Amino acid sequence: MIEQRRVVVIGAGPSGAIAAAILKRKGNDVLVLEKQTFPRFSIGESLLPHCLDFIEEAGMLPQVENYGFQIKNGAAFARGDEYSIFDFGDAFTDGKKYAYEIRRAEFDKLLADSAAEQGVEIRYQHEIITTNFQEDSARLTVKDQQGEIYQVQAEFVLDASGYGRVLARLLALETPSELPVRQAVFTHIEDRITHPAFERDKILITVHPELNDVWFWLIPFSDGRSSIGVVGLDRYFSQFGDDLSACLHHFVDTTPSLKRIVSDAKWDTPCSKLFGYSANVKQLFGQRFALLGNSAEFLDPVFSSGVTIAMHGASLAANLLDRQLRGQQVDWKSEFADPLQQGVDTFKTYVMGWYDLSFQRAVFWQNKSRHIERMISSLLAGYAWDENNPFVADHKAKLAALSQFCVEK
Ligand code: FAD
């Protein structure tokens, strides 16, 4: 007999755990099927304040706040001798004023465990291998940890499979990203940072002094360790072949301000690499399914927007699906896809502007008015859906005007 469930969520990462918990808190039956066992490594270690809004909605804020993660109260940017700080406390949008720097293995397990404590059933090492969507139901074929195959029939499927991109692959929804293929090489270090210019409660984004489209993240954790990574176009990395350590060290060593900060670090962990991570889909929903987080569109890591976008989509979809399951008329385009896309498009403008330098110019411009600084801080805090912020409502025009102004002054 085929197992019948109301909602199946594919993947127990941040978007899956948040969506499942919100649905469960509203009294719905939810089954989460997760391919791996938790804890497991994932990239994406710097959160934005806006994602705490969804963690709170999912009933998980006390667990996250009490865990002991490193507080993050802003973002610092360095380029040669230039240095800019954006403080979330100044953000234009009335919202959360801090976030956390987290190891995703611990953070994702905390969220998934919290969803499970609230009654969500999560099956680890259960992988979705095929799907069959019909008018009245969705049938999923699943492989469990023993290699046994079984089927689950659901009224609705939320795909939160991240880079697994389950429905994008199986339903041929993939479409090329507008962003070129970049790669990231990264590791964790015992940072031993004593440099007075380094603020542990901020992510540090450093631009390479000669290649202005190559940048580094330095994300400090609460235990004296940090995540460090370099991002750039594939062609800058090819000369290093598989020697990821040589690659990361080369870029750090040729960036004096960053080299100084990590000069005493103990490099005790092998480097990893990710490439071609920017991705897109033709549609965010369809008959009996919706795509969340990285299973849909992923832009770029530069503003740490991935988890926030994933959770924003999870919240929109879970609330809409709850109404649908109660028999209400809902419109997935105007109530899910369009509002979600609005914030994603806002982030996209600033990501593009980072690499074409129009936004980099604004970030490092020292004569910004306090008002403009507050509006940029809001974006960097993840409030890319706040239409009261002119840098959101009219993102392309505002960025173009600001960038032009920086050039002229
Ligand atoms: P995931 O966290 O990837 O979770 C998906 C889950 O689905 C996984 O556990 C997986 O095992 C499971 N799954 C996959 N396939 C199947 C299947 N067939 N069956 C069942 N389960 C399956 N974001 C930030 O917010 N801050 C950052 O600092 C940041 N840095 C980044 C740096 C880099 C280099 C990159 C590439 C991305 C970065 N991101 C960052 C983005 C971030 O990694 C993602 O946006 C985020 O992890 C998306 O969460 P998710 O819930 O969509 O997917």
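## Report on a predicted protein chain

The protein chain contains 14 helices and 19 strands. Helices (H or I, at least four residues) and strands (E, at least two) are DSSP runs, numbered from the N terminus. The radius of gyration of the chain is 21 Å, close to the 22 Å that the globule rule gives for 409 residues, so the chain is as compact as a globular protein of that length. That radius is taken over C-alpha atoms, and the globule rule is 2.2 Å times the number of residues to the power 0.38. Along the principal axes, the C-alpha atoms fill a box of roughly 65 × 45 × 40 Å.

The model is predicted: local features need pLDDT of at least 70, side-chain atom pairs count only at pLDDT 80 or more, and totals for chains, interfaces and linings use all residues. Residues are numbered from 1 along each chain as its sequence is written, and side-chain values use heavy atoms, with hydrogens and water left out.

### The sheet

Seven strands make up an open sheet with mixed pairing, in the order β5-β4-β13-β14-β15-β12-β16. Two strands pair if DSSP finds at least two bridges between them. At the edges lie β5 (82–87) and β16 (272–275), each of which pairs on one side only. From one strand to the next, the twist averages 20°. Strand β12 (residues 182–190) runs antiparallel to β16 and is joined to it by four bridges. Q183 has F275 in β16 as its bridge partner.

### Helix packing

Axes are lines fitted to C-alpha atoms, for helices over the stretch in contact, and angles run from 0 to 180 degrees between N-to-C directions.

| Helix pair | Angle | Axis distance |
|---|---|---|
| α1 (residues 14–25) and α4 (residues 104–117) | about 20° | 9 Å |
| α1 and α9 (residues 306–325) | about 30° | 8 Å |
| α10 (residues 332–355) and α14 (residues 395–408) | about 25° | 9 Å |

Angles under 35 degrees count as roughly parallel, over 145 as roughly antiparallel, 65 to 115 as roughly perpendicular and the rest as oblique. Helices α1 and α4 are therefore roughly parallel to each other, and α1 and α9 are therefore roughly parallel too. A crossing is left-handed if the near helix is turned anticlockwise from the far one by less than a right angle, and right-handed if clockwise. The crossing of α1 with α4 is left-handed, while that of α1 with α9 is right-handed.

Contact means heavy atoms within 4.5 Å. In α1, P14, A17 and A21 meet R104, D108, L111, A112 and A115 of α4. This contact has six nonpolar, no polar and two charged residues. Ala, Val, Leu, Ile, Met, Phe, Trp, Tyr, Cys and Pro count as nonpolar, Asp, Glu, Lys and Arg as charged, and the others, Gly among them, as polar.

Towards α9, the residues of α1 in contact include I18 and I22, and those of α9 include A314 and A318. The contact of α1 with α9 has eleven nonpolar, three polar and one charged residues.

Helices α10 and α14 have a right-handed crossing. D345, T346, T349, Y350 and G353 of α10 make the contact with H395, K396 and L399 of α14. Its residues divide into two nonpolar, four polar and two charged.

### Backbone exceptions

Most residues other than glycine have a negative phi, and most peptide bonds are trans. F38 and P39 are joined by a cis peptide bond, with omega about 5°. P39 lies in the loop between β2 (30–34) and α2 (49–57). A172, not a glycine, has a positive phi of about 55°; A172 is in the loop between α5 (166–170) and β11 (174–175).
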